[in-house]
Amino acid sequence: MDTINLEIRRAERNFWAILATIAISLLICATAKGQTPEQWKTLKSDINLFVANDLGRNGYYDQKPIAELMGEMAEEVGPEAIIATGDVHHFDGVASTQDPLWMTNYELIYTHPELMISWLPVLGNHEYRGNTQAVLDYSKVSRRWQIEGRYYTKVFADEEAGSSLRIVFIDTTPLIDSYRTNNRYPDAGKQDIEAQLQWLDNTLQKAKEDWVVVVGHHPMYAETKKDIAEQKDIQRRLLPIFKKNGNVAMYVCGHIHNFQHIRKPSDTTDYVVNTAGSLSRKVKETDGTQFCSPATGFSVISASKQKLQLHMIDKEGKEIHCISKEK
């Protein structure tokens, strides 16, 4: 009888141990799955924007789930616009404003009501493989697709709070020599580099907003297997203008398909690579890396008069890194 009772007690202990293990596992899974809508609300500030890029996979990989997540988060954060930092269309851009890829890469993917807001794109290298004028002209077809030119600027302001944020959109593909001489990118060599750089310098000189963020497709700095000459060309052409004006809080780009946050000594600009919204790549640290991750997802920019933040969000809706700057 004592032996039977001992076995029963052992079985009970094992049962509760197994139950505890299951409970802990469920808790871990629930935590890993993402933040709650209540937590998403804490990201909200006076001015709120989403950043998404490297999207065009016809809904495959993580594109459609991330699009749905963006809509769900938009219900809580209330972004004023979505910044699309290039490569909305893989692989060879679009042929015209009636190309079916507009439907399969964009219109039928980002369908949530809260995503029916202004989309503010820049051209990526994949757009340059096709008809870049069609990307500009699509603004005449879709009310939410609002690209004002190959480079342009927009100011967001909360008059009641007295806060303001200027986004400067630039066209980086023509700034890289290898694209200008490659027939695969037919429109790149036709662009006037000096005209864009002069416009950028003038725009930054005149910027009086609380915060200035420059967005383009290609990185200034990043860990990547891509040709380092791309970064060297961007640095050679953009860094002197950034340093001359000294007011660029962040430079935000895509192209590399992972999250990266890089800071350089004696440089007041934070360099941000926003990950792909569909298919990401592995990443490792490089000189100046503050954070990096191969997660797919998107980012949220939030700004008040005293604080600018960029929140990196993975495909589960979890904030995995925050860049914060204060006055």
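These notes go through the fold of this predicted model, point by point.

1. Ground rules. The model is predicted: local features need pLDDT of at least 70, side-chain atom pairs count only at pLDDT 80 or more, and totals for chains, interfaces and linings use all residues. Residues are numbered from 1 along each chain as its sequence is written, and side-chain values use heavy atoms, leaving out hydrogens and water.

2. Overall content. The protein has eight helices and 13 strands. Both are DSSP runs, numbered from the N terminus (helices: H or I, at least four residues; strands: E, at least two).

3. The sheet. Seven strands make an open sheet. Their order is β4-β5-β6-β7-β9-β8-β10, with mixed pairing. Two strands pair if DSSP finds at least two bridges between them. At the edges lie β4 (152-158) and β10 (289-293), each pairing on one side only. On average, neighbouring strands are turned by 15° against each other, direction ignored.

4. One pair up close. β7 (residues 250-253) and β9 (residues 270-273) run parallel, joined over four bridges. Y251 has Y271 in β9 as its bridge partner.

5. A helix on the sheet. Helix α7 (residues 193-206) packs on the sheet and touches β4, β5 (163-169) and β6 (211-215). Its direction makes about 175° with that of β5. Axes are lines fitted to C-alpha atoms, for helices over the stretch in contact; angles run from 0 to 180 degrees between N-to-C directions.

6. Of the 327 residues, 55% are buried (under 20% relative accessible area, 1.4 Å probe, protein chains only). Take contacts (heavy atoms within 4.5 Å) between residues at least 6 apart in sequence: 71% join residues at least 24 apart.

Definitions and conventions:
Buried means under 20% relative accessible area, exposed over 50%, partly exposed in between (1.4 Å probe, protein chains only).
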